[in-house]
Protein chains: 4
Amino acid sequence: MKIGILTSGGDCPGLNAVIRGVVLKGTTTYDMEFVGIRDGWRGVVDADFFPLTRHEVKGLSKVGGTILGTSRTNPYEGPRGGAENISKTLYGHRIDGIIAIGGEGTLAAANRLANDGLNVLGVPKTIDNDLRATDYSFGFDTAVNIATDAMDRLRTTGDSHQRCMVAEVMGRHVGWIALHAGMAAGAHAICIPEVPMSIDDICDLVSRAHDRGRAPLVVVSEGFTLTGMSEAYSDKGLDAFNRPRLGGIGDVLAPEIERITGIETRATVLGHIQRGGSPSGFDRVLATRLGLHAADAIVDGDWGKMVALRGIDIVRVPFAEALGELNTVPRYRYDEAAALFG
Amino acid sequence: MKIGILTSGGDCPGLNAVIRGVVLKGTTTYDMEFVGIRDGWRGVVDADFFPLTRHEVKGLSKVGGTILGTSRTNPYEGPRGGAENISKTLYGHRIDGIIAIGGEGTLAAANRLANDGLNVLGVPKTIDNDLRATDYSFGFDTAVNIATDAMDRLRTTGDSHQRCMVAEVMGRHVGWIALHAGMAAGAHAICIPEVPMSIDDICDLVSRAHDRGRAPLVVVSEGFTLTGMSEAYSDKGLDAFNRPRLGGIGDVLAPEIERITGIETRATVLGHIQRGGSPSGFDRVLATRLGLHAADAIVDGDWGKMVALRGIDIVRVPFAEALGELNTVPRYRYDEAAALFG
Amino acid sequence: MKIGILTSGGDCPGLNAVIRGVVLKGTTTYDMEFVGIRDGWRGVVDADFFPLTRHEVKGLSKVGGTILGTSRTNPYEGPRGGAENISKTLYGHRIDGIIAIGGEGTLAAANRLANDGLNVLGVPKTIDNDLRATDYSFGFDTAVNIATDAMDRLRTTGDSHQRCMVAEVMGRHVGWIALHAGMAAGAHAICIPEVPMSIDDICDLVSRAHDRGRAPLVVVSEGFTLTGMSEAYSDKGLDAFNRPRLGGIGDVLAPEIERITGIETRATVLGHIQRGGSPSGFDRVLATRLGLHAADAIVDGDWGKMVALRGIDIVRVPFAEALGELNTVPRYRYDEAAALFG
Amino acid sequence: MKIGILTSGGDCPGLNAVIRGVVLKGTTTYDMEFVGIRDGWRGVVDADFFPLTRHEVKGLSKVGGTILGTSRTNPYEGPRGGAENISKTLYGHRIDGIIAIGGEGTLAAANRLANDGLNVLGVPKTIDNDLRATDYSFGFDTAVNIATDAMDRLRTTGDSHQRCMVAEVMGRHVGWIALHAGMAAGAHAICIPEVPMSIDDICDLVSRAHDRGRAPLVVVSEGFTLTGMSEAYSDKGLDAFNRPRLGGIGDVLAPEIERITGIETRATVLGHIQRGGSPSGFDRVLATRLGLHAADAIVDGDWGKMVALRGIDIVRVPFAEALGELNTVPRYRYDEAAALFG
């Protein structure tokens, strides 16, 4: 059996650990053969394959990024796209099935291809933790650790200067990184896309922390939008000249907080450092196990599903369970954290 | 309502985060009052209490160890021990209940006190992850990260010298840290208390890795005993003069592996660094949530239980569920990891 | 003898280690007494003092920030400022001299006060490493480590997406952090205030790295200005509405690089995380030694100087040596690093 | 010009960064050609060479260990050893000179070969910092950071249990790592080979720290020998059966301290984790610069010397300056640190 592996969408610590897990289990236990597919679905439509042996994956559990490369190509677009073309391409290269490691978009495409008769198995990947049907996805824990560590640093400088520090973390549509890192770092306010807040709500929390003698820490998801946010600061991400706006929502909040509260305020946009580098122990174990179980699922012919974490177990779920709605932060989880704001 | 909090047994990253979570939730949401109990059950029997205000717990989520101190005192021993004496002591100090943060022994004592009519709530603490009824306990994730990071370092030195490196990690009775850190670091052999292995089994794995050109990494739990281990190396921990044997099982294995395989082998016993220092993001979040929910449980009068992690939720379980048997590594989890040994 | 200690200007990892070094040496070896001065020179003019005992400084060598607080107050301004007023204030509180830990501005003020007859001793502090007369100042090494670690992370994400990554680091007037962290992380271009570069120079380096199959890494000091930089991107830091421009020079460079080279480019502005948190080993040792030697200098009556690092020794130099010109990156050091750009 | 590069002796973070620095500078600036020599001097006598191109060294500045491998072979031993044989071997492979990266033994051999007419250039490598003629060698800073981080962790567990913690660090003949890491971590006693101490001296420091309410931290170099150490604990490293003694000097000290002071005491032997893994920023910069300057020195025909750090400059010194005596910790540096013991 010959299996292609691809990684698609934004990169994420743990992708290489999944690849290693699949290939080691597949080659040593099941006698499978693997090909690496370059740059996600682009490599499928372009037939950009290379042999992926055990030798290629050695030492990868700790390596960030993906040795396969990634892209945001849609496999249904372009002259060589679509289920029929892809089917022929795979047949021509004697590839029996594909393991697609990716997020919402990737899994939706995988689902559609599976419905169109191709052998596709999914592995959920989302650094934002926005996929349903898995308790966590790899990359998220690493991002939380990096963000927490950064905030620990911001707090000492905030304390020294009696400043309010605003930390912007990843999370376009969901606030999980902000919630967890903010709770871990002892934030005085957490602003996430799921929970509407006005600038006055935020300033109120900031002032209360300041009144207790603390240097306030505000954590904000990149996808957070202020209630009543003016158009110039809108989520179109453009400035008044229709040029891409520089900086993030954190850069927007900081001067507003300073203006309203009178407390000196500085923003830091953590950005891409949250998705790079060596995965945490948790993410390496999770990613490796997902890879091992993906190999098992293939041997069982369990196509059209994705492997997922449920409690401490790896399970297989139909694509449909993971798709549709995003895994947003439920209100009770936000309120739980908000009890710490004081 | 006035509540006492104690930490008992070996220390663990996250203890302070639990304490902070309880006190912040209890004081700001529920108007509770707290006293710190010094050095575990010793402070209960000695009435060694001090006021634990919100001010005392600020900034604690990132701080390792426990501000309450800890000991291994059994509350049923000594002239002032036992349920009746303790009941009087607590009554005398107008303490309405106790939150006991600890492992197997602590929770067993808490259970007995609860059965004897005292208001006791448990929070599971075990760096080894050996408690049932909770998916994970705080401290474990931090320990895995520290051990993984250490092994990443050991691997580069192993590679440079073409040596076999033996890393001994914590785990007196269960092999969870070895399993997870070993999987994360790409170990070629993992030796845990739950799975019998002879020195020849280990050397076989070492030699196979070496033959593939790798510098073998062997991870061993401190509580691992070799099948057929000679008496001089027995788990009595004594040397030939009945003096405490210096070093750990890793120090025992390394020269044996070198003797049998002919591969230069070095041991590192990671020891106490695994249980100290700032908790990981995962552990801070878990510990804080356990603390928040402990305050909720008290308000609900839900004594005689412990708070625990189930999937992504915090639940309450009777003490009995956590006691009795240890949470050992199941065979299928070991086999899963063993597929990576090659 | 009673000595006041102040920290002034931007905070920096190692400030607390200096304070601890002074107080431990002064109290245990020399029987000195210390007062902490709150918020830099502000605390001097406002007579905002508090007793600084050995107990206060315990455990501080690893703690980021400054327990004394800091400000940018000029001691010669305001109704209570100036040498004469300050002299009276100190006399009134029986303070025999001041240790001022700070950068260019602080040391210039200290020098002026010393010339006006006050007992002032300086300890150089600059995270940017822009002070002459000391080989390095504490904080710089920590900043380089944090920036290097962040860039290691950026590289894995750059590699996965075949992107150019731009990392903006601290350095308003000098490029030391960019030079060292860029060299440490294997940057393909380093842009510092001392060396003029046009956008075409940068794009040329980026394209060459890309042509060799690398994901280009560009490191830029916050104080770098492009040769021929258009007015809209000027260093006035304003946008077209005269509002403070969001983001940093990295945010300016990234879209230009992408536009000119056609290579997808992302910027990360590391910002305040570089100056917070626990100091590196190097900085703790340097800061502690500076503190120890500051106590010695005071006992010797060696006022009007600052302690400094020369090779592996701590020496005393007149303020004048450290003032005047900044410690810029010499051209040969830049060229040395540029040999690695390829 | 074709140059061979070798790494010899114990591995050290930064070796790969030196190799990368030499090769990048040599190939891009000077049009040199390089061969890698496998496993130190062994590869010279066995003519075990391989082409070392720019491609081979990419990304190496952050990678621990050495891609060349290392050994402790003496180039003057064996049938193919000696200056004449080696000269022939090099001539046969058209190798014009050798860059030898190593410690005392390596540089002594290099010196002898240079005196015997071979083109040899040295790069000092010692994780213990025991080489004269260079302010620091790469690897040392990384080891200090790792040891400091470990001790920060040990302190929280010591504080929680009111225990004395003993940390054994590297340093067979000199105490630099113990001195710097101990100072950085706030140790209450530092035991180094250069300074005689009896068990009573140590226990006195431990008890004084304990009396002040601190959990004592004792840092000890692996090469430290107690004044009056009994024969059973002698530095022969044998136990009573003439078997290699398990554990290190830290394992010896801990039970003695506990016995004498009555304070519960635990030892941790940090071991090989101090020499593995990714180098610190300081070490990457130092190692890279040494590599760059080694290429320059070769172009200048400056054989028979080694490159070294002096202040902030890289200089060239005759081998003789580095050899002979070790770079021990001077007494005034120890006393400086001892002022912090209290």
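Let me start with one residue: leaving out residues up to four places away in sequence, A:R72 touches A:G9 and A:G10, where contact means heavy atoms within 4.5 Å. This is a predicted model, in which local features need pLDDT of at least 70 and side-chain atom pairs count only at pLDDT 80 or more, while totals for chains, interfaces and linings use all residues. Residues are numbered from 1 along each chain as its sequence is written, chains are lettered from A and ligands numbered from 1 in the order in which they are written, and side-chain values use heavy atoms, with hydrogens and water left out.

Back to A:R72. It lies in the loop between strand 3 (49-51) and helix 3 (83-92) of chain A. Helices (H or I, at least four residues) and strands (E, at least two) are DSSP runs, numbered from the N terminus. Is A:R72 buried or exposed? A:R72 is exposed, with a relative accessible area of 63%. On this scale, buried means under 20% relative accessible area, exposed over 50%, and partly exposed in between (1.4 Å probe, protein chains only).

UniProt, in an unreviewed entry, lists A:R72 under the feature "binding site", together with A:G10, A:T73, A:G103, A:E104, A:G105 and A:T106. These positions spread over 97 residues of sequence but cluster in space, with a largest C-alpha distance of 13.3 Å. UniProt positions are given in the numbering used here, feature names are shortened, and annotations may be inferred rather than shown by experiment. Another of the listed residues, A:G105, sits in helix 4 (residues 104-115) of chain A. A:G105 is exposed too, at a relative accessible area of 52%.

For contrast, take C:T89, in helix 3 (residues 83-92) of chain C. C:T89 is buried, with a relative accessible area of 17%. Apart from neighbours within four places in sequence, C:T89 is in contact with C:V44, C:A47 and C:F49.

Now the interfaces. How many residues does the contact take from chain B and from chain A? It takes 44 from chain B and 44 from chain A. The two chains bury about 3,700 Å² between them, 54% of it on carbon and sulfur atoms. Buried area is the accessible area (1.4 Å probe) that two parts lose on being put together, summed over both. On the chain B side, B:V285, B:I312 and B:L340 lose the most area to chain A, together 14% of what that side buries.

There are four salt bridges between chain B and chain A, a salt bridge being a side-chain nitrogen of Lys or Arg within 4 Å of a carboxyl oxygen of Asp or Glu. One of them joins B:R289 to A:E336, with the closest N and O atoms 2.7 Å apart.

Which elements of chain B give two or more residues to the side that touches chain A? They are helix 1 (15-28), helix 5 (140-161), helix 6 (176-185), helix 9 (281-299) and helix 11 (331-338). Helix 9 of chain B gives the most, with eight residues.

Next, chain C and chain D. Their contact takes 44 residues from each chain, and the buried area is about 3,700 Å², with carbon and sulfur atoms giving 54%. The count of salt bridges between chain C and chain D is four. In one, the side chains of D:R284 and C:D152 meet at 2.7 Å, N to O.

Last, the pairs without contact. Chain B and chain C do not touch, and their nearest C-alpha atoms are 12 Å apart. Chain A and chain D do not touch either, with their nearest C-alpha atoms 12 Å apart.
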